[in-house]
Amino acid sequence: MNYRETLDWMFAQLPMYQRQGASAYKVDLQNTIQLATYLKHPETKFKSIHIAGTNGKGSTSHLLASVLQEAGYKVGLYTSPHLKDFRERIRINGEKVSKEYVIDFMLKHRSYFEENQLSFFEMTVGMAFQYFAESNIDIAIVEVGLGGRLDSTNIITPEVAVITNIGIDHTAFLGTTLPEIATEKAGIIKENIPVVIGRFNEETVSVFENIAENKNSTLYFASNFKGAIFSSDLKGAYQNENIRTALQVIAIMNQKGWKVSEEQIKSGLINVVNNTHLLGRWQILQDKPKVICDTAHNEDGLRCVMKQLSLENYNELHVVLGVVSDKDLEAILPLFPKNAKYYFTKPSIARGMDASELMKEALEFNLIGKIYSNVESAYSTALQEAREDDVVYVGGSTFVVAEII
């Protein structure tokens, strides 16, 4: 098989949650544990930092990877989902895993995957961990896919565990209350391993405190970080929380014997995009008109991004908006500005919500616009209609952003 055929097989035979939804999600670690044994436990052959959270875990992962790269370490980075290419999920010092490695790994182990009916995410985690082990990295930044306690990545014992924040999302799997969701995400806390909490509230703090105490894990709150705060090339005021979280993690790493200087921290934070090639976080695609895209897609994330958008200066705001079908529209649509022109569309995946349904729901919140058959036509029309002093915002779904960058 070539690279395209390999990916087609992965997506078709063992569907990925992000594209198909609940039917592709497995709430069980047994397959991953068996796979790790089959691969001779690659997860034990490298150091790691494990990052969970409703929002911010991707940005925090890339911030940490960039800083550690600047410190001279060989850094693996595992994230999900990807925007343009599957290989974005698995990187070393910013470079994507090769197409040849993906093809060879799948060919070598395909019979095992078929026999044991592994999910897309399970075999992708196995591929990442094997690649990191074979590449002799110094450390891997590993982002949780969904939840924490039963996520396939949760077979590692990291140097530090990180929980960026807790918001309402994926309620079908993680629970419907903040304490329930916090409990699932806190499942990455391991015995005697320090844990950093990026943001907490009265409903979640006791969950973290109780689980950390039971695990004999030292608990750090990023909001209590006393060191200097440096700027980053990741724009948006909401990144300040992620920067503080990353700085607290680096401080703990230095206490554990890793060597990261203040200058390396500064350089790492200001060169995240260059070092890691992160896309889709308050990304400015052009000026005149200014085009901003962001992958925020749940209530907590969109609240932060819409607050940032409200600070922009423009004559008129154009919003290219698409979502997936299981999105809680009553929670997110009220967050969008009413004084904007909307271009409703559907991302080109099975889970995409029909644009006419989205527009119907949006009208209930006085969001006015037109329907477009696909993201490309919605985006191109917005660009044509926008004047130089306007702003075009593209978002609502990772998949909408993926189609325009």
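Let's start at Pro289, which sits in the loop between strand E9 (283-286) and strand E10. Helices here are DSSP runs of H or I with at least four residues, strands are runs of E with at least two, and both are numbered from the N terminus. The peptide bond that joins Lys288 to Pro289 is cis, with omega at about -5°. Before I go on, please keep in mind that this is a predicted model: local features need pLDDT of at least 70, side-chain atom pairs count only at pLDDT 80 or more, and totals for chains, interfaces and linings use all residues. Residues are numbered from 1 along each chain as its sequence is written, and side-chain values use heavy atoms, with hydrogens and water left out.

Pro81 belongs to the loop between strand E2 (75-78) and strand E3 (90-92). For context, most peptide bonds are trans, and most residues other than glycine have a negative phi.

That brings me to two asparagines. Asn93 is not a glycine, yet its phi is positive, at about 50°. You will find Asn93 in the loop between E3 and strand E4 (95-96).

Asn136 is in the loop between helix H6 (120-134) and strand E5 (139-143). At 62% relative accessibility, Asn136 counts as exposed.

Ile284 has a relative accessible area of 37%, so it is partly exposed. Setting aside residues up to four places away in sequence, Ile284 touches Lys290, Val291 and Ile292; a contact here means heavy atoms within 4.5 Å. Along the chain, Ile284 and Tyr393 are 109 residues apart, but their C-alpha atoms are separated by 9.5 Å.

Next, helix H13, residues 299-309. Which of its residues are buried? They are Asp300, Gly301, Leu302, Val305, Met306, Gln308 and Leu309. And what do those buried residues of H13 pack against? Their partners are strand E10 (290-293), strand E11 (317-321), helix H14 (329-332) and strand E14 (391-395).

Beyond its neighbours within four places in sequence, Asn55 is in contact with Thr164, Asn165, Asn298, Asp300 and Gly301. Asp300 and Gly301, you'll remember, are among the buried residues of H13.

Glu203 is placed in the loop between strand E7 (195-197) and helix H9 (205-214), and its relative accessible area is 44%, so it is partly exposed. Not counting residues up to four places away in sequence, Glu203 touches Leu178 and Pro179. Glu203 and Glu364 are 161 residues apart in sequence and 31 Å apart in space, C-alpha to C-alpha.

Let me zoom out to the whole chain. How many helices and strands does it have? There are 17 helices and 14 strands. The radius of gyration, taken over C-alpha atoms, is 21 Å, close to the 22 Å from the globule rule for 405 residues, so the chain is as compact as a globular protein of that length. That rule is 2.2 Å times the number of residues to the power 0.38. The C-alpha trace spans about 55 × 50 × 40 Å along its principal axes, and 59% of the 405 residues count as buried. Of the contacts between residues at least 6 apart in sequence, 76% join residues at least 24 apart.

Finally, confidence. pLDDT is the predictor's confidence in each residue, from 0 to 100. The chain averages 92, and 94% of the residues score at least 70. Which stretch stays under 50? That is residues 18-25, for which the model has 24 contacts beyond four places in sequence.

Key
Buried means under 20% relative accessible area, exposed over 50%, partly exposed in between (1.4 Å probe, protein chains only).
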